[in-house]
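This briefing is meant for a reader who is meeting the structure for the first time. Please look over the sequence and the model before reading on.

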Amino acid sequence: EEGVSTTLQTVLDLKSKGYKVFGVETTENAISLWDTPMPQGDTGSIAYVFGNELIGVDVQVLHECDGIVCLPTYGIKNSLNVATCVGIIVWDTLRLLQKVTAIDALCEIRFEDSMRITLSNHP
């Protein structure tokens, strides 16, 4: 959006427009992406906030998100690099949204910057 300068402002703006905003982070209160219910119908717009690999998503931003999701990992490592994480989450979200919204394809995938991706079924 024009004039939006921070991730926190973007999260608040997207929520005011009806998006469900999820922070992607490995925290104690994060739930697995596989257990996250997808919004349905015309309100099925989702935004994910990804942090950088060193410090993650800002705590204040996480508090404003509708939920915090993580990708389950097994073994010694507890996270994936952010590029791999984005690819998996976007792919799986597109797959699930196509099932629940009964549409052939989503109309918009917007890469707002390296930290935010919005997926929407609205033209």
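The model is a predicted one, and its chain of 123 residues has 41% of them buried. The secondary structure comes to three helices and six strands, which follow one another from the N terminus in the order α-β-β-β-α-β-α-β-β. Among contacts with a separation of 6 or more in the chain, 71% are accounted for by residues 24 or more positions apart.

**Salt bridges**

- Side chains of opposite charge can pair when their charged atoms come close, and a search of the whole structure finds two salt bridges.
- One of the salt bridges joins K17 to D13, with 3.2 Å between the closest N and O atoms; K17 is partly exposed, its relative accessible area being 44%.
- D66 forms a salt bridge with K15, and here the closest N and O atoms are 3.8 Å apart. Because D66 lies in the loop between helix 2 (59–64) and strand 4 (67–70) while K15 belongs to helix 1 (residues 7–16), the pair ties together parts that are 51 residues apart in sequence.
- D66 counts as partly exposed, at 38% relative accessibility, and K15 is likewise described as partly exposed, with a relative accessible area of 30%.

**Aromatic residues**

- A search of the whole structure finds two aromatic pairs. In the pair made by Y48 and F50, the ring centres are 6.2 Å apart and the planes stand at 45 degrees, so the pair is tilted.
- Y48 is buried, with a relative accessible area of 1%, and F50 is buried too, with a relative accessible area of 3%.

- D92 has its place in helix 3 (residues 82–101). Is D92 buried or exposed? With a relative accessible area of 5%, D92 is buried, because the cut-off for that class is under 20%.
- When the neighbours within four places in sequence are left aside, D92 is in contact with L33 and W34.

**The largest pocket**

- Rolling a probe the size of a water molecule over the atoms shows where empty space is left. In this model, the largest pocket holds about 360 Å³ of space.
- The lining of the largest pocket is made up of 21 residues, and those closest to the centre of the pocket are V24, E25, T26, S79 and L80.
- Strand 4 contributes at least two residues to the lining of the largest pocket, and helix 3 also contributes at least two.
- Which kinds of residue make up the lining of the largest pocket? The lining divides into 10 nonpolar, eight polar and three charged residues.

- T10 is found in helix 1 and counts as buried, at 4% relative accessibility. Between T10 and A47, which are 37 residues apart in sequence, the C-alpha to C-alpha distance is 10.0 Å.
- S45 sits in the loop between strand 2 (31–32) and strand 3 (46–50), where S45 is buried with a relative accessible area of 3%. From S45 to K17, the separation in sequence is 28 residues and the separation in space is 9.3 Å, taken from C-alpha to C-alpha.
- T73 belongs to the loop between strand 4 and helix 3, and T73 is partly exposed, with a relative accessible area of 26%.

Key
Residues are numbered from 1 along each chain as its sequence is written. This is a predicted model: local features need pLDDT of at least 70, side-chain atom pairs count only at pLDDT 80 or more; totals for chains, interfaces and linings use all residues. Side-chain values use heavy atoms; hydrogens and water are left out. Helices (H or I, at least four residues) and strands (E, at least two) are DSSP runs, numbered from the N terminus. Buried means under 20% relative accessible area, exposed over 50%, partly exposed in between (1.4 Å probe, protein chains only). Contact means heavy atoms within 4.5 Å. A salt bridge is a side-chain nitrogen of Lys or Arg within 4 Å of a carboxyl oxygen of Asp or Glu. Rings of Phe, Tyr and Trp (its six-membered ring) pair if their centres lie within 6.5 Å; planes under 30 degrees apart count as stacked, over 60 as edge-to-face and the rest as tilted. On a 1 Å grid over the protein atoms alone, a cavity is a set of points where a 1.4 Å probe fits but cannot get out, and a pocket is an open set with protein on both sides within 12 Å along at least five of seven lines; lining residues have an atom within 4 Å of a point. Grid points are joined across faces, edges and corners, and a volume is the space filled by probe spheres set on the points. Ala, Val, Leu, Ile, Met, Phe, Trp, Tyr, Cys and Pro count as nonpolar, Asp, Glu, Lys and Arg as charged, and the others, Gly among them, as polar.
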